Amino acid sequence: MRDYDEVTAFLGEWGPFQRLIFFLLSASIIPNGFNGMSVVFLAATPEHRCRVPDTANLSSAWRNHSIPLRLQDGREVPHSCRRYRLAAIANFSALGLEPGRDVDLEQLEQESCLDGWEFSQDIYLSTIVTEWSLVCEDDWKTPLTSSLFFLGVLFGSFVSGQLSDRFGRKNILFATMAVQTGFSFLQIFSINWEMFTVLFVIVGMGQISNYVVAFILGTEILGKSVRIIFSTLGVCTFFAVGYMLLPLFAYFIRDWRMLLLALTVPGVLCIPLWWFIPESPRWLISQRRFIEAENIIQKAAKMNNKAAPVVIFDPMELQELKLPSQQKILILSLFRTRNIATITIMSLMLWMLTSVGYFALSLNAPNLHGDAYLNCFLSALIEVPAYITAWLLLQTLPRRYIIAGVLFLGGGVLLLIQLVPEGAYNRVLPYILMGSLTVLIGIITLFLPESFGVTLPETLEQMQKVKGFRLRKNTRDSTEKEENPKVLITSF
């Protein structure tokens with residue numbers, strides 16, 4: 001039986017139909033860009049200090065000296081979590097004693113912020129940190145918010161492919177869009193940190209699922225010459241566009257609830273895409289829904305002004321597909337043989353460790369020296385030339401060496417941060433860790449099988465013939481000559 005690309009070759013590679021799918025699926029990724037990074041501004045921690053109640057009977061001198069000083073970056077700043085014991089300084093104030101002159105401040109007893117905190121509004125009017133006082137003893141809740149979001153991302157990564165295999169690419173694409181947008185909207189009405197965080201986990205599940213399924217749908221519909229452009233200048237670049245929109249929204253909307261409301265609007269605008277984005281014909285064929293697949297291909301031919309064959313799928317081919325189905329493929333099938341398991345584990349390590357570096361650097365961008373909004377925007381902007389470079393490199397060079405090369409470069413730069421003078425000393429350890437992991441995964445990448453100029457396998461049976469580190473000479477020929485699969489495409 002012929003493969004899908006051969007059957008649909010008459011459509012061409014870059015007609016109006018392909019361009020429509022390319023741009024609509026890419027545009028659907030834009031909300032992923034700002035939802036994935038929104039915690040940068042939603043959970044930002046402004047400068048803060050202990051609140052001293054207006055009702056406290058303190059002179060202006062004692063009110064100005066009610067907060068102890070601490071050393072930060074070589075300068076003295078008010079302590080964020082401690083104040084002098086209010087009863088003691090109120091007594092000194094009543095006796096007419098002056099701070100520093102009559103009373104040695106270093107000898108005074110201190111206490112925690114019993115009356116809450118005063119937060120600076122120079123940068124943020126409100127965040128979830130200021131809303132629920134996630135500082136001092138509760139400061140662990142802020143990084144946990146991000147961690148739990150990415151726990152949702154992890155879970156969504158596992159189930160999105162399985163769900164789209166079961167219920168269809170299009171259905172799951174729009175269902176996960178609804179999950180991402182709907183639960184982001186519900187976060188606006190959070191009454192406490194626990195409610196916000198539980199909803200954020202679900203948003204993370206929808207966010208990554210939408211991204212994965214859009215990627216699968218695009219690569220299954222578009223021709224092989226367009227897939228590289230779609231996966232770089234399409235999906236990734238539009239993700240960066242969404243990422244760039246985040247600091248722009250956040251700059252003009254400094255309240256976290258209003259910012260979250262603004263970030264849900266683009267998701268609502270994706271609803272009309274339902275009537276323009278078709279189901280994957282490959283998936284329909286795998287489900288033996290041949291008439292629906294033919295209808296989509298016929299409409300694509302009409303849009304591209306191409307003459308479609310009267311019969312797209314030969315009856316003999318359909319008869320072959322109607323034979324008893326193959327063994328059901330589950331995620332555990334990726335570990336069924338040693339060869340596929342090795343490739344799977346290396347791929348998981350590549351994605352996980354690369355994500356550690358990417359998100360750690362991106363989420364830390366606003367904490368760098370300078371304007372938080374500008375830093376975040378530049379962090380997103382620099383991704384665009386990176387994706388263009390990746391697209392150009394993928395046209396000519398082997399994939400393994402491209403990935404390994406850029407990982408060595410990125411990891412090496414991170415490791416060189418330790419050469420910064422000692423006054424940045426306490427800040428280099430995270431970069432050393434990220435740099436080491438990046439270099440490590442760059443080495444592991446060299447052991448993955450090469451895919452440049454090679455016909456890609458479409459089933460687990462074909463994957464068993466792919467060898468790591470170095471492809472056998474006859475891999476391409478043997479793959480092309482192998483009996484074609486009964487299920488034309490899977491999420492793999």
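This is a predicted model: local features need pLDDT of at least 70, side-chain atom pairs count only at pLDDT 80 or more; totals for chains, interfaces and linings use all residues.
Trainee: How many helices and strands does the protein chain have, and what share of its residues counts as buried?

Mentor: The protein chain has 22 helices and six strands, and of its 492 residues 45% count as buried.

Trainee: What makes the contact between Arg 101 and Asp 102 a salt bridge?

Mentor: The closest N and O atoms of Arg 101 and Asp 102 are 3.1 Å apart, and a salt bridge requires a side-chain nitrogen of Lys or Arg within 4 Å of a carboxyl oxygen of Asp or Glu, so the pair meets the rule. Arg 101 is exposed because its relative accessible area is 64% and the exposed class is over 50%, whereas Asp 102, at 38%, counts as partly exposed. By this rule the count comes to eight salt bridges.

Trainee: How do you know that the salt bridge of Arg 257 and Glu 131 ties together separate parts of the chain?

Mentor: The two side chains meet at 2.9 Å, N to O. Arg 257 lies in helix H12 (residues 256-269) and Glu 131 in helix H7 (residues 128-132), so the pair ties together parts that are 126 residues apart in sequence. Glu 131 is partly exposed, with a relative accessible area of 35%.

Trainee: Which parts of the chain does the salt bridge between Arg 169 and Glu 220 link, and are these residues buried or exposed?

Mentor: The closest N and O atoms of Arg 169 and Glu 220 are 2.7 Å apart, and the pair links helix H9 (residues 169-187), which holds Arg 169, with helix H10 (residues 193-221), which holds Glu 220, at a separation of 51 residues. Both Arg 169 and Glu 220 are buried.

Trainee: How do you know on which side of H17 its buried residues lie?

Mentor: The buried residues of helix H17 (residues 372-381) are Ala 372, Tyr 373, Asn 375, Cys 376, Ser 379 and Ala 380. They cover an arc of only 165° around the axis, which puts them on the same side of H17. These buried residues pack against helix H4 (39-42), helix H11 (224-252), helix H16 (338-364) and helix H18 (383-396).

Trainee: What makes Asp 371 a cap of H17?

Mentor: A side-chain oxygen of Asp 371 lies 3.0 Å from the backbone nitrogen of Tyr 373, and in this way Asp 371 caps the N-terminal end of H17.

Trainee: What do the buried residues of H6 pack against?

Mentor: In helix H6 (residues 86-94), the buried residues are Leu 86, Ala 88, Ile 89 and Ser 93. Their arc around the axis is only 165°, which puts them on the same side of H6. They pack against helix H5 (60-64), strand E4 (82-84) and strand E5 (110-112).

Conventions
Residues are numbered from 1 along each chain as its sequence is written. Side-chain values use heavy atoms; hydrogens and water are left out. Buried means under 20% relative accessible area, exposed over 50%, partly exposed in between (1.4 Å probe, protein chains only). Helices (H or I, at least four residues) and strands (E, at least two) are DSSP runs, numbered from the N terminus. The arc is that of the directions from the helix axis to the C-beta atoms. Contact means heavy atoms within 4.5 Å. A polar contact is a pair of N or O atoms within 3.5 Å; within protein, one must be able to donate a hydrogen and the other to accept it, and residues adjacent in sequence count only if both atoms are side-chain atoms.
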